[in-house]
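Thanks for making time this morning.

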Amino acid sequence: MSEGVIDLSVWDIALGYVFVLIVLWILRRQSIRRESILIIATLRMTLQLVAMGFILTIVLENPHPLITFAIIFVMISFAVFTIFRKFKDRLTPSLRRVVMISLPIGTLVTLSYFLFVVVDITPYYDPQYFIPISGMIIGNSMTGISLGIHTMINRFTDNKAELVEALNLGAHPKEASRPIINEAFDSAIMPTLNNMLGIGIIFLPGMMTGQILSGIMPMTAISYQIGIMLGILGGVSLTTYIFLRLAYRTFFNDQAQLAFDD
């Protein structure tokens with residue numbers, strides 16, 4: 001135990017895996033075929049977090065702008081790759097390009113404003129702030145785009161007849177697609193809005209809880225959490241908005257006809 005913080009030993013952490021055994025028992029009892037996914041997810045989570053712990057220890061002890069920005073690049077790349085893998089059979093080449101454009105732009109603009117204007121970190125590449133805050137904004141933005149993609153593709157597929165009719169009546173693709181874009185944007189930001197509605201009363205978020213457990217005064221932790229939630233809202237909204245404004249065009253050809261990429 002150091003500075004009032006209770007250190008968790010390897011044995012203490014191992015006891016936490018009892019919950020995994022409980023879930024495995026439930027899956028077996030209910031004949032839900034998810035055992036392998038649960039085991040793989042648990043192992044990946046453990047290995048990835050342990051590896052990140054070693055990496056962050058080295059980075060925080062040896063701060064350098066190139067290292068910080070390299071890590072951010074890797075995080076954004078993995079987020080893009082995760083979206084590609086999740087929708088590997090549904091993303092057209094054009095939609096993939098839109099993801100590669102919108103995710104970096106939306107997250108980097110949000111990060112730059114939050115870190116350099118709101119927090120005003122010094123030095124500008126301080127990994128103590130840059131890396132964890134980037135992870136939260138990039139991760140939530142990735143989720144937002146994923147929800148937007150899911151809703152947009154499904155609605156363009158299900159509402160094809162209505163879209164064709166609107167186009168035949170003279171509607172511009174942007175106007176014909178507006179209800180789909182609005183619905184996709186709404187589905188993308190709703191999880192963030194729900195978190196904002198329940199935060200502080202129903203649950204305490206991980207970042208705030210971690211800061212309080214580490215000994216930081218609650219009001220300081222609350223200030224950071226409010227800022228982070230606003231940054232996440234901005235990142236999800238901006239990233240998804242850019243994606244949707246570019247993505248809907250990929251469903252139409254140069255003659256403003258409904259078409260899908262080969």
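When I call a residue buried, I mean that its relative accessible area is under 20%, while exposed means over 50% and partly exposed lies in between, with a 1.4 Å probe and protein chains only. By that rule, Leu27 counts as buried, because its relative accessibility is 10%. Please keep in mind that this is a predicted model, in which local features need pLDDT of at least 70, side-chain atom pairs count only at pLDDT 80 or more, and totals for chains, interfaces and linings use all residues. Residues are numbered from 1 along each chain as its sequence is written, and side-chain values use heavy atoms, with hydrogens and water left out.

Leu27 is found in helix α2, where helices are DSSP runs (H or I, at least four residues) numbered from the N terminus. The buried residues of α2 are Val20, Leu24 and Leu27. They sit on the same side of α2, because they cover an arc of only 65° around the axis, the arc being that of the directions from the helix axis to the C-beta atoms. These buried residues pack against α1 (10-16) and α3 (35-61), whereas Phe19, Leu21, Trp25 and Arg29 are exposed on the other side of α2.

What is Leu27 in contact with, leaving aside its neighbours within four places in sequence? Taking contact as heavy atoms within 4.5 Å, the partners are Ile32, Arg34, Glu35 and Leu38. Just after α2, Ser31 takes a positive phi of about 60°.

Note on methods:
Helices (H or I, at least four residues) and strands (E, at least two) are DSSP runs, numbered from the N terminus.
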